[in-house]
Amino acid sequence: MIRNQEDSFALIDKLNDDCLERIFQFLPYENRIAVERICKRWQIVSQRSWIDINNIWQAFIGEKNITIH
């Protein structure tokens, strides 16, 4: 059976970036770092998902100059 190229993509690749970002937020930190090595798109989306953690820390400790990479 011959499949076209679109059929060969993983279903997770069909999710938009916002959905992927939300999924990444549930991963343990070490896994979040690991997914950044999968591909450029996942790296960008994963890095965006860290912003929420940064905002939580800022609210918790009241500092504005926290950077998490």
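Analyst: A term to start with: contact means heavy atoms within 4.5 Å. Among contacts in the protein between residues at least 6 apart in sequence, 37% join residues at least 24 apart. This is a predicted model, where local features need pLDDT of at least 70, side-chain atom pairs count only at pLDDT 80 or more, and totals for chains, interfaces and linings use all residues. Residues are numbered from 1 along each chain as its sequence is written, and side-chain values use heavy atoms, with hydrogens and water left out.

User: Thanks! How many helices and strands does the protein have?
Analyst: There are 3 helices and 0 strands, counted as DSSP runs numbered from the N terminus (helices: H or I, at least four residues; strands: E, at least two). The order from the N terminus is α-α-α.

User: And which residues make up the largest nonpolar core?
Analyst: Leu 20, Phe 24, Val 35, Trp 42 and Val 45. A nonpolar core here is a set of buried Ala, Val, Leu, Ile, Met, Phe, Trp, Tyr and Cys residues joined through side-chain atoms within 4.5 Å. Buried means under 20% relative accessible area, exposed over 50%, and partly exposed in between (1.4 Å probe, protein chains only). Helix H1 (17-25) and helix H3 (40-61) each supply at least two residues of this core.

User: What does Val 45 touch, beyond its neighbours within four places in sequence?
Analyst: Val 45 is in contact with Asp 17, Leu 20, Glu 21 and Phe 24.

User: Switching topic: how many aromatic pairs are there?
Analyst: The structure holds 2. Rings of Phe, Tyr and Trp (its six-membered ring) pair if their centres lie within 6.5 Å; planes under 30 degrees apart count as stacked, over 60 as edge-to-face and the rest as tilted. One of the pairs is Tyr 29 with Trp 50, which counts as stacked because the ring centres are 5.6 Å apart and the planes are at 25 degrees.

User: Why does that pair tie together parts 21 residues apart in sequence?
Analyst: Because Tyr 29 lies in helix H2 and Trp 50 in helix H3.

User: Are those two buried or exposed?
Analyst: Trp 50 is buried, at 10% relative accessibility, while Tyr 29 is partly exposed at 48%.

User: What sits over the ring of Trp 50?
Analyst: The charged end of Arg 32, 4.2 Å from the ring centre. The rule asks for NZ of Lys or CZ of Arg within 6 Å of the ring centre and within 35 degrees of the ring normal.
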